[in-house]
Amino acid sequence: MKNEPISNAQPTQPFVAGMMMQQPLLISSLLVHAERHHADQEVVSRRVEGDIHRYTYKDLATRARRMANALAGFGVQSGQRVATLAWNGYRHMELYYAASGSGAVLHTLNPRLHPDQVVYIADHAEDQVLFFDMTFLPLVEAIASRVKTIKTFVAMTDRVHMPAQTKIPNLLCYEELVEASSDRFDWPTFDENTASSLCYTSGTTGNPKGVLYSHRSTLLHTFAIALPDALNCSARDTILPVVPMFHVNAWGLPYAACMMGSKLVFPGSGLDGKSLFELFETERVTMSAGVPTVWQGLLAYVEANDLKFSTMRRTVIGGSACPPAMMRAFQERYDVQVIHAWGMTEMSPVGTAAILKGKHLDLPAEARMAVQSTQGRAVYGVDMKIVGENGEALPWDGKVSGELLVRGPWIIQNYFKNEGGDPLVVDEQGHGWFPTGDVATIDADGYMHITDRSKDVIKSGGEWIGSIDLENIAMAHPKVAMAACIAALHAKWDERPLLIVVKKPGQDLTREEMLSFFEGRIAKWWTPDDVVFVDAIPLGATGKMLKNRLREQYGNHLLAKA
Ligand code: ADP
């Protein structure tokens, strides 16, 4: 699949150019804008050392220029990869701008992956430099002699907190580099299609693949997500991104905050309910974003201690389906609006957001909830469609489901180093579409609803059962902490739903009580065949339930019982 023509004009017709300035969309321009227009806005971080650090966008811009000089000093060339193993914090933010802004590629490694995978990814990306938070010192010590291309290791801390002894050769200190480097650096101008950052998919099947974003794709994505009907970021907001900066650039919030001038609060490694709640309150956070599993911890803490949020107004929940019970808890009990959003690493990541239209505002609460529980409408820039088995486009009637395909300027064309071959599906007009692997319906108003990932779908007697719907029902049970529904092999129906449940602490819940909860809430034949109670459900590196692991473990459960 080649790049498509950008104009449909006939070659015989004269070309009349618009007469506006040609200015490339570059990530450094966000920082320049922030320094000029909201220099005094705060960036607050809980450091891994435990204390709270605060400074301004002006300080951020100054130190990012110093780091850009430090990178040049390491001999990092344009297009080379600069890796990080770091939590959400101000030093990580400085590297976001220093690396991409100077023409290098910021490569955010996911520290939750197995060390073997980290080595594989760092080698595949041919990372030159690795910056890491002190939390990850043991991990870096374990991989330092194994990675092939990393020449320079930098601990993101000050002299006082540097390790007295380490196996890492010539370990450098971040703060010493900042001090030793000049704060004069002219951000270079280059083609907006230049690569800016790299993030690998978690690779639940096969090796992880790299998604290489460009300055242009990042800037267009930033414009789009900041809009009121997307993530809705403004200069009046204090944003605390819980979603890690090592996973799809924290959904783009470090860029959007600079663009809009929002106060930023970085939680560091403190992602438990208590630490997050304290930061929400002390820093007067108005907006946050993260995956459902994180919010579970926060809600449990708030509920157990009978607390209320005093400034939080809304939170973006995505990465996996937000259970309606969670949405209700946030909205009805705590007056925090939930923006349910959907996206993928391959989509920078935001594709849709479930924001109401004007015509929904007067609907009864339940009907509004039904709209908000979908994955939402495409943000401008994302084109989507659902297709049947032969690639035929399916109607937007909110009922028929098919595979979801997407296209747009911040959606992947090819994986890094063309790994895995051309991923796109080409339609009759010659347009390439990215197959998301999600199964969805779309209604007449454009609200998309994911029923499953194609690999998680349960096929019972040839009919599909949506595992997400079943999980959402189970999660609404007051005694359930977490629930996963998987396809278990069945002698007669090929597959049947099996529910895996983690009970809330101290709760007594029986199989019968759990299954009777489905009565009247779902077609009878969708009711799971059995329930397995477990202590914990395995989570992947991005906080999602590892259903393939559960399938390996419990896939034969029904056959064994029969
Ligand atoms: P990975 O899980 O491979 O790291 P991503 O983080 O890019 O990849 O995950 C993308 C997938 O996550 C989507 O294709 C979809 O299956 C799932 N997902 C993301 N947001 C939602 C949501 N709001 N509801 C349901 N599924 C979601």
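Residues are numbered from 1 along each chain as its sequence is written. Because the model is predicted, local features need pLDDT of at least 70 and side-chain atom pairs count only at pLDDT 80 or more, whereas totals for chains, interfaces and linings use all residues, and side-chain values use heavy atoms, with hydrogens and water left out.

The chain is divided into three parts listed below, with bounds that come from an automatic or database domain assignment.

| Domain | Residues |
|---|---|
| domain 1 | 23–40 + 55–217 |
| domain 2 | 383–453 |
| domain 3 | 458–561 |

The C-alpha centres of domain 1 and domain 2 lie 33 Å apart, and 13 residues of domain 1 are in contact with eight residues of domain 2, where contact means heavy atoms within 4.5 Å. Together the two domains bury about 910 Å², of which 66% is on carbon and sulfur atoms; buried area is the accessible area (1.4 Å probe) that two parts lose on being put together, summed over both. Of the area that domain 1 buries against domain 2, H124, K209 and S217 supply 47%, more than any other three residues.

The rule finds one salt bridge across this interface, a salt bridge being a side-chain nitrogen of Lys or Arg within 4 Å of a carboxyl oxygen of Asp or Glu. The side chains of K417 and E126 meet in a salt bridge, at 2.6 Å from N to O.
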